[in-house]
Amino acid sequence: MTGQNNKPIPDWETLTFSLTETDFMYRSLGNTGRDPVWDEGAYIPFEDIMISPAAALMSYGVGVFEGLKAQRTTGGKILLFRPDANGRRMQNSAERLMMPPFPTEQFVESCAELVRRNEHFVPPPEYGSLYLRPMQHAIEPQLGLGPCSQFATHIFCSPVGSYFRGGSPRGVRLKVLEQGRVAPGGTGSAKSMGNYAGAIWVAQQWKDQGFDDVLYLDAHHLKYLTETSGSNPFVLLRSGVLVTPPLDSQILPGITRDSTLRIARELLNLDVEERALSIQEVIEDGVEMFCTGTAWTLLSVRELVYNDQVKQLETEDLRGKLLKVLRDIQTGDREDPFDWIREV
Ligand code: COI
């Protein structure tokens, strides 16, 4: 197998959330004029890809992506976390951008096989995980704006450590923006590339001033919490209720968000609500806050700044309990009652 053992293994001690090239990536080509649309794909050395400058991806951003992790267990197995959920979400995202859905079974199997082929890049359990980045985009040369018929799905992977390692010691500091992340009715509930491209400049203005990220309010009322640049917020209120904003066209249906909700409700028997949560309610009644995402995992928020109001959040006990259960399921240290784990 060409490529195997060619790329250097990184120093596990210094892993961050940054790219380490691995030996293999996966590619499948799709054409809506064919049945089945998608070919079976191939595992090829990680390398630059060739694409027409006229591909709709290049001008119009016709592309979506995913993020999921594989974890090594203390017993030496490798476990993928909810790859089927990522596969389904990529289908939903693709359909929003008028791309043909990539079959979920093929998605799960190609993720598993890609991990097997890059097995030596999966860090030891205490150092991090192997992050998989599936992507689907339009490839045919086409000048005008309209539906496409030729597509590619790629999956590459990289060993990663914490998203904010070296950053804030106890949780993140967020600037609350009176601004929507995406337009209502737009592509916010799809993991479309453009949503993230637009967020980089916005967040950087505040990162330059010492914030870790921004928290967007809803585009209609500029009042209710939606997302950060790439994670879903949860707030524990004084009443003991854990609240997260309900899914709508401005919010990505996070898989870690869903996993947290299920653990909170079904394993920890917490009082949980998915409902509109105003920034004023958080400032007046919030006692703990954290954000969830595949890359972020569950990260405490230690401070929110909203106009001239500063909200400090002192505790992170609940986040600690939820993260422990989630991690234990992901590393096989706790029974998985939800059928989330796929051994590769
Ligand atoms: C993830 O959490 O996997 C994402 O795709 C978010 C990205 C900003 C890193």
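The following legends describe close-up views of a predicted model.

Local features are described where pLDDT is at least 70 and side-chain atom pairs where pLDDT is 80 or more, while totals for chains, interfaces and linings use all residues of this predicted model. Residues are numbered from 1 along each chain as its sequence is written, and side-chain values use heavy atoms, with hydrogens and water left out.

**View 1**
Phe65, Gly67, Tyr131, Arg133, Tyr163, Lys191, Thr294 and Ala295 surround the ligand; a residue is counted as near a molecule or strand if one of its heavy atoms lies within 4 Å of it. By class, this shell comprises four nonpolar, two polar and two charged residues. In this classification Ala, Val, Leu, Ile, Met, Phe, Trp, Tyr, Cys and Pro are nonpolar, Asp, Glu, Lys and Arg are charged, and the others, Gly among them, are polar. Domain 1 (12–160) and domain 2 (172–330) both contribute residues to the shell, so the ligand lies between them; the domain bounds come from an automatic or database domain assignment.

**View 1. Polar atoms of the protein around the ligand oxygens.**
A polar side-chain atom of Lys191 is placed 2.9 Å from an oxygen atom of the ligand. The backbone also takes part: a polar backbone atom of Ala295 lies 2.8 Å from a ligand oxygen atom, and a polar backbone atom of Thr294 lies 3.4 Å from a ligand oxygen atom. The ligand taken alone exposes 280 Å², of which the protein buries 88%. Accessible areas come from the Shrake-Rupley method with a 1.4 Å probe, and for residues only the protein chains shown count as cover. A polar contact is a pair of N or O atoms within 3.5 Å; within protein, one must be able to donate a hydrogen and the other to accept it, and residues adjacent in sequence count only if both atoms are side-chain atoms.

Buried denotes under 20% relative accessible area, exposed over 50%, and partly exposed the range in between (1.4 Å probe, protein chains only). Helices (H or I, at least four residues) and strands (E, at least two) are DSSP runs numbered from the N terminus, and two strands pair if DSSP finds at least two bridges between them. Strand E8 (residues 172–177) pairs with E14 in the parallel sense over four bridges, with Lys175 opposite Val305 of E14. Strand E13 (residues 286–293) pairs with E14 in the antiparallel sense, also over four bridges; here Gly293 has Thr297 of E14 as its bridge partner. A hairpin of three residues connects E13 to E14.

**View 2. The E14–E15 hairpin.**
E14 and strand E15 (residues 309–312) run antiparallel and are joined by four bridges. Val305 faces Val310 of E15. Two residues separate the strands of this hairpin, and Asn307 in the turn has a positive phi of about 50 degrees.

Arg173 belongs to strand E8. Its side chain makes a polar contact of 2.7 Å with the side chain of Glu303, and a polar atom of the Arg173 side chain lies 3.3 Å from the backbone oxygen of Gly210. His137 is located in strand E6 (residues 129–138) and is buried, with a relative accessible area of 3%. The side chains of His137 and His154 are joined by a polar contact of 3.5 Å.

Most residues other than glycine have a negative phi, and most peptide bonds are trans. The peptide bond from Asp35 to Pro36 is cis, with omega near 0 degrees; Pro36 lies in the loop between strand E1 (24–31) and strand E2 (42–45). Asn269, which is not a glycine, has a positive phi of about 50 degrees. Asn269 occupies the loop between helix H5 (255–267) and strand E12 (272–274) and is exposed, with a relative accessible area of 65%. Asp339 has a positive phi near 60 degrees and lies in the loop between H7 and strand E16 (341–343).

**View 3. Leu318 in helix H7.**
Leu318 is part of helix H7 (residues 317–330) and is buried, with a relative accessible area of 9%. The C-alpha atoms of Leu318 and Thr153 are separated by 38 Å, the two residues being 165 residues apart along the chain.
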